[in-house]
Amino acid sequence: MKINKIYTDKNVFEEMKKTISEELVIALPQFFENKLDIIKEKLKKTPFITKYKPLEHKYQELELTQVYDIDLIQFVEFFKSKEFLQFIEDMTDFDLRISSVHIRKYTHTDFVLLSDNQKNDDCFDITFDLSDKFSTKMGGMCVYATNEEEILYLSPASNILTILYKSPSIKKYLKYLNARAKGLEMYRVEITAEFIEENLIE
Amino acid sequence: MSSEWINPVFFEKQTLSKLQTEYFNAKPFKYLIIPQFLDSSLFKELNFEISKLEFTPKSSDLFEFKQTKDFKQLTSNTLIKQFHDTFKSKKILSLFSTITNEQYSDIDMHAMKFEYTNYLLCHDDLVEGRKTAFVLYLNEDWKKEDGGTLDLFDAKPEKIVTSIVPIQNTLILFQVSKESFHQVSEILSKKNRKTIGGWLL
């Protein structure tokens with residue numbers, strides 16, 4: 001997997017660093033140079049396991065230890081790689097470790113609710129989105145919220161990496177995918193990067 | 001005045017006893033379906049008045065639907081005020097008390113409209129003061145394929161145990177508890193699911 005070379009350009013990278021330090025969030029469209037059609041086709045053919053807790057979430061998840069396709073293995077391993085971690089660390093200026101990687105599929109009737117069981121960790125929430133074309137009327141937006149207000153909406157998109165500093169007061173939900181989304185699929189790689197040292201953002 | 005709204009059969013001792021048995025034996029938690037609850041001509045008039053009300057869109061992680069103000073605030077509409085006053089009258093609250101074996105002193109009441117793709121995901125309704133939830137269906141000609149069923153979950157909750165299709169002029173009562181998990185499934189047709197709902201307090 002190859003990161004779009006525009007994001008390794010020194011000047012662009014400095015801009016990205018500035019954005020994440022000031023805005024605490026950055027979205028990188030066309031993140032991979034690779035054509036992702038093959039990955040997407042293979043994901044569509046791979047069995048996912050349904051995860052349903054009525055008070056928390058409904059979606060399907062890929063059992064990463066049960067992936068045998070070489071393209072998918074490379075795709076998954078990239079997000080666990082030193083190269084990817086280095087890219088995130090250099091951008092954020094923090095020592096981090098990738099603590100979780102999940103590949104989830106969301107289709108009609110899926111959702112994630114705000115829940116007391118959501119971890120309140122201080123971390124970077126990283127999402128690589130590989131979704132079909134959605135409209136906002138279909139649901140599927142990922143919403144980050146504090147107890148007081150909704151602070152960020154991420155609509156489903158394709159080949160986009162989003163990095164967000166998630167303080168313990170921020171939770172997220174994924175809006176129910178309604179009947180307008182019938183037949184469409186959202187694939188999201190959901191990654192958590194935790195701080196190694198006590199170098200938390202003030 | 002109050003009894004003219006309610007189908008008189010529900011004041012008969014035998015009927016009440018049957019309703020009480022059904023309520024207490026219901027699974028996964030105490031609930032009751034009472035068909036033909038209101039007098040049919042008053043129901044039609046009420047339904048017409050409700051259709052003229054303003055419904056405000058409500059949206060969160062849990063739901064997407066439209067709702068009116070609490071009927072306590074809709075004092076300018078004579079018929080709705082009359083219905084609200086009737087529903088919270090001693091005679092009607094005592095009818096519900098007999099069925100559910102709870103004592104009530106007040107009600108919260110509003111109307112809701114679920115349009116295409118609207119939903120209300122699993123929750124328990126548990127808020128201090130709420131003893132029993134009620135829903136009166138206003139929509140007509142409804143089929144299971146239209147969605148909008150009231151789904152009742154097991155106590156964990158893990159799965160749906162029963163699904164109630166919204167039939168016009170049917171009243172649902174269910175006990176509010178830490179196990180009263182329920183949802184309104186997504187509306188899958190262009191029909192509107194309209195209800196008067198709320199809680200006996």
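This is a predicted model: local features need pLDDT of at least 70, side-chain atom pairs count only at pLDDT 80 or more; totals for chains, interfaces and linings use all residues.
Figure 1. The ring centres of A:Phe78 and A:Phe84 lie 5.4 Å apart and their planes stand at 55 degrees, so the pair is classed as tilted. Both residues belong to a cluster linked by ring pairs, which joins A:Tyr7, A:Phe13, A:Phe31, A:Phe32, A:Phe75, A:Phe78, A:Phe79, A:Phe84, A:Phe87 and A:Phe128. Over all chains, the structure holds 33 aromatic pairs.

**Figure 2. A tilted aromatic pair in chain B, formed by B:Phe63 and B:Phe65.** The two rings are 4.8 Å apart from centre to centre, with 35 degrees between their planes. B:Phe63 counts as partly exposed, since its relative accessibility is 21%, whereas B:Phe65, at 7% relative accessibility, counts as buried.

**Figure 3. The interface between chain B and chain A.** In this view 18 residues of chain B are in contact with 13 residues of chain A, and the area buried between the two chains is about 1300 Å², of which 62% comes from carbon and sulfur atoms. Of the area that chain B buries against chain A, 39% is supplied by B:Asp61, B:Leu121 and B:Glu186, which is more than any other three residues give. Across the interface there are 10 residue pairs in polar contact, with both residues of each pair at pLDDT 80 or more. On the side of chain B that touches chain A, the elements giving two or more residues are β3 (63-67) and β5 (119-123) of chain B, and β5(B) gives the most, with 4 residues. The residues on this side of chain B divide into 10 nonpolar, 4 polar and 4 charged.

**Figure 4. The salt bridge between chain B and chain A.** The count between these two chains is 1 salt bridge, and in it the side chains of A:Lys175 and B:Glu64 meet at 2.7 Å, N to O.

**Figure 5. The surroundings of A:Asp132.** A:Asp132 is placed in the loop between β6 (123-130) and β7 (142-145) of chain A, and it counts as buried because its relative accessibility is 14%. The side chain of A:Asp132 reaches the backbone nitrogen of A:Glu185 at 2.8 Å. Apart from its neighbours within four places in sequence, A:Asp132 is in contact with A:Lys40, A:Lys44, A:Leu184 and A:Glu185. A network of salt bridges links A:Asp132 with A:Lys40, A:Lys44, A:Lys105 and A:Glu185.

Figure 6. Over all chains the count comes to 25 salt bridges. In one of them, A:Lys42 pairs with A:Asp69, and the closest N and O atoms are 3.1 Å apart.

Figure 7. Most residues other than glycine have a negative phi, and most peptide bonds are trans. In chain B, a cis peptide bond with an omega of about 10 degrees joins B:Lys27 and B:Pro28, and B:Pro28 is found in the loop between α2 (13-25) and β1 (31-34). The peptide bond from B:Lys156 to B:Pro157 is also cis, with omega near -10 degrees, and B:Pro157 lies in the loop between β7 (150-153) and β8 (160-164) of chain B. A:Leu24 has a positive phi, near 65 degrees; A:Leu24 is placed in the loop between α1 (10-23) and β1 (25-29) of chain A, and is partly exposed, with a relative accessible area of 28%.

**Figure 8. B:Asp141 and its salt bridge to B:Lys143.** B:Asp141 lies in the loop between β6 (132-137) and β7 of chain B, and its phi is positive, near 50 degrees. B:Asp141 is exposed, with a relative accessible area of 56%, and its side chain meets that of B:Lys143 in a salt bridge of 3.7 Å, N to O. B:Lys143 counts as partly exposed, because its relative accessibility is 41%.

Note on methods
Residues are numbered from 1 along each chain as its sequence is written. Chains are lettered from A and ligands numbered from 1 in the order in which they are written. Side-chain values use heavy atoms; hydrogens and water are left out. Contact means heavy atoms within 4.5 Å. Buried area is the accessible area (1.4 Å probe) that two parts lose on being put together, summed over both. A salt bridge is a side-chain nitrogen of Lys or Arg within 4 Å of a carboxyl oxygen of Asp or Glu. A polar contact is a pair of N or O atoms within 3.5 Å; within protein, one must be able to donate a hydrogen and the other to accept it, and residues adjacent in sequence count only if both atoms are side-chain atoms. Ala, Val, Leu, Ile, Met, Phe, Trp, Tyr, Cys and Pro count as nonpolar, Asp, Glu, Lys and Arg as charged, and the others, Gly among them, as polar. Buried means under 20% relative accessible area, exposed over 50%, partly exposed in between (1.4 Å probe, protein chains only). Rings of Phe, Tyr and Trp (its six-membered ring) pair if their centres lie within 6.5 Å; planes under 30 degrees apart count as stacked, over 60 as edge-to-face and the rest as tilted.
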